[in-house]
Each structure stands twice: as structure tokens, then as C-alpha cells.
Amino acid sequence: MTKLILGPEVADAPPAGDAMTSYDEQHVVTYMRLLQAESEGADWSEVARIVLHIDSDREPERARTAYQTHVQRAKWLTEQGRLLRGPGSA
């Protein structure tokens, strides 16, 4: 696994597909923060600003899309077990 970076820059949308990518590996902390914030009922626009570094007041559509797609990716990775175990794990 690559070195974890706290708060790396995010793309407007995470990668799609059925394989964990280097982007996913670099954003493990981001994904975990998003999932925790969602479970605590945090406001998505505040999460977008703090975790994704996207100002939802200036770029509401971009912030909302980035938030939603990254949360979906985080859920997919955790539901598939790849986020915690890594690719190829049993």
C-alpha cells in the first residue's frame, strides 16, 4: 500500500470500476473520514469543505458531486472488503 497522506487533493469524482486503484489507496483516510462524517449525520457541504477541500458556497454542484461520488466509492470499497483488506486478500 502507498504512503497515506492526510488530506490529499481529490478529483471531482473517484475512479470507477471493480478494482482498487492507486487513487483509492491514496485516499483511504479521506474515505474513512467521509464514512465517519456520514454516520454522524454531518452536513455534506461542511464535509465537502473540510475533507474534500471544495467550497460548496462557490462550487455547489462540484462539491455535491464530489461528496456523493466519493462516499459511494468509500461504501463500495468497504462493502467489498477491499478498503480494509486490500486487493487480492481473502
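H70 has its place in helix α4, helices here being DSSP runs of H or I with at least four residues, numbered from the N terminus. The model is predicted, so that local features need pLDDT of at least 70 and side-chain atom pairs count only at pLDDT 80 or more, while totals for chains, interfaces and linings use all residues. Residues are numbered from 1 along each chain as its sequence is written, and side-chain values use heavy atoms, without hydrogens and water.

With a relative accessible area of 0%, H70 is buried, a term that stands for under 20% with a 1.4 Å probe and protein chains only. Its side chain makes a polar contact with the side chain of Y23 at 2.7 Å, where the pair must be N or O atoms within 3.5 Å, one able to donate a hydrogen and the other to accept it. Beyond four places in sequence, the residues in contact with H70 (heavy atoms within 4.5 Å) include V10, P14, Y31, L34 and L52.

L34 in turn touches V47, V51, L52, Y67, H70 and V71, again leaving out residues up to four places away.

The axes of α2 and α4, lines fitted to C-alpha atoms over the stretch in contact, come within 9 Å and cross at roughly 100 degrees. The two helices are therefore roughly perpendicular to each other, the word used for angles of 65 to 115 degrees. In this contact, Y31, L34, L35 and E38 of α2 meet residues of α4, among them Y67, H70 and V71.

Methods:
Buried means under 20% relative accessible area, exposed over 50%, partly exposed in between (1.4 Å probe, protein chains only). Axes are lines fitted to C-alpha atoms, for helices over the stretch in contact, and angles run from 0 to 180 degrees between N-to-C directions. Angles under 35 degrees count as roughly parallel, over 145 as roughly antiparallel, 65 to 115 as roughly perpendicular and the rest as oblique.
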